[in-house]
Amino acid sequence: MSVSPHSHVKTVMYGKVRLYTGTSSPELASQIASYLNVNLCDRDIVTFPNDNIFVKLHKSVRGQDCYVIQSTSIPVHRNLMEMLILIQTLRLDSAARITAVVPYLCYTRSDKKDQPRVPITARLVADMIEVAGADRYMTFDLHADQIQGFFSIPGDVLYAYHVLIDPMKELVSKMEKPVMVSPDLGFAKKARNYASSLDIPLAFIEKRRLTNAPTAKALTLIGDVTDRDCIVLDEEISTGNTIGTAVKLIKEHGAKSITVVFIHPVLSPGSAEMLASLPVDNFITTDTIPISKEDLAFFGDKLKVISIAHLLGEVILRANQGRSVGQLFNE
Ligand code: R5P
């Protein structure tokens, strides 16, 4: 995919682009703003002594095309509420259109009743975004694509594939015997798409979660990793248990080198230190979620962060101009 800044199109269907951000993704939001050659809009976000959040916009957004950029990462509930309150504030100020730009959408792992007496919180979050007043949403790599069906507003579900595939091609070009490893059968379909674009074989790990506790057990390796350069690909790393178990398993099976690629750096407390101690040569991720300085320090130069900012900026530009987003990806 190639994106060129400030594409020249005369048809402007919506009001001016107004970018707002909460406190979760300030760096990503300013990179998007500079791609679009606009400033982030000023607003106050205040937390009262009773822990309630209050928002005030500095300027009217009446008739404007507003985007709220906010990853619903840790601290999840604070970030989610900030986003919802920002959206409601824009709605009450008569914005013409509001898009929730949520590079990482929380609660997507709870997307079905797979046991009795449990919630479907992915649906609840989708409802909350709509009820707050969003007209559209944008996000990256949902845990399951069917979650799109929980929204009745239109959305652009984007794929980090478009920013990750070129660096991965470069990596593979330096490898002798590469193989893609999916640490989880649930991710196997996406891993297969990456493997086929890279023209490399695929191996799988069968993982079974035994309880609701955030522990995972890798049981079986399907495919050949012996003496191979392994690229372990997953959609997110939270505790790091899944990747940790996968790395140990393929190491035991004689992996020559290991690169871990993951889309959403959720990185729950303690995970970065544990991941950095694994026998992994390189990590590659994106900035759908900002990584703290402390966690970056654990990884050192083993970690490369590929930005989604230009891709998201271009999608926002096209949405504002009423142009196809699919065409950006030759669809
Ligand atoms: C699972 O369905 C996902 O693809 C990831 O494997 C999982 O979310 C990673 O979680 P953790 O790092 O806590 O094992």
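Buried here means under 20% relative accessible area. The views below come from a predicted model.

**View 1. Q64 in the loop between β3 and β4.** Q64 has a relative accessible area of 15%, so the residue counts as buried. The loop that holds Q64 runs between β3 (53-57) and β4 (65-69). Leaving aside residues up to four places away in sequence, Q64 touches G15, K16 and R18, and also A95, A96 and R97.

**View 2. H77 in helix α2.** Helix α2 covers residues 76-92 and includes H77. H77 has a relative accessible area of 52% and is exposed, because the cut-off for exposed is over 50%. Between the C-alpha atoms of H77 and L233 the separation is 28 Å, and these two residues are 156 residues apart along the chain.

View 3. A disulfide requires a pair of cysteine sulfur atoms within 2.5 Å. By this rule the model has zero disulfides. For C41, the nearest cysteine sulfur is that of C66, 7.0 Å away, and C41 is in no disulfide. C41 is buried, at 16% relative accessible area. C106 is also buried, with a relative accessibility of 2%.

**View 4. The shell around the ligand.** The ligand has 14 residues around it, and D234, S238, T239, G240 and T242 come nearest. Sorted by class, the shell consists of seven charged residues, six polar residues and one nonpolar residue. Two elements, β11 (229-236) and α6 (241-252), each contribute at least two residues to the shell. β11 gives the largest share, three residues.

**View 5. Polar atoms facing the ligand oxygens.** What distance separates a polar side-chain atom of T239 from an oxygen atom of the ligand? The distance for T239 is 2.6 Å. In G240 a backbone N or O atom lies 2.8 Å from a ligand oxygen atom. D184 places an N or O atom of its side chain 3.2 Å from an oxygen atom of the ligand. The ligand taken alone exposes 380 Å², and the protein buries 94% of that area.

Note on methods
Residues numbered from 1 in each chain as written. Predicted model: local features only at pLDDT ≥ 70, side-chain atom pairs only at ≥ 80, totals over all residues. Heavy atoms only, no water. Buried < 20%, exposed > 50% of the residue type's maximum accessible area, 1.4 Å probe, protein only. Near = heavy atom within 4 Å. Polar contact = N/O pair within 3.5 Å; in protein donor to acceptor, adjacent residues only side chain to side chain. Areas by Shrake-Rupley, 256 points an atom, 1.4 Å probe, with all protein chains shown as cover. Helix = DSSP H or I, 4+ residues; strand = E, 2+ residues; numbered from the N terminus. Nonpolar A, V, L, I, M, F, W, Y, C, P; charged D, E, K, R; others polar. Contact = heavy atoms within 4.5 Å.
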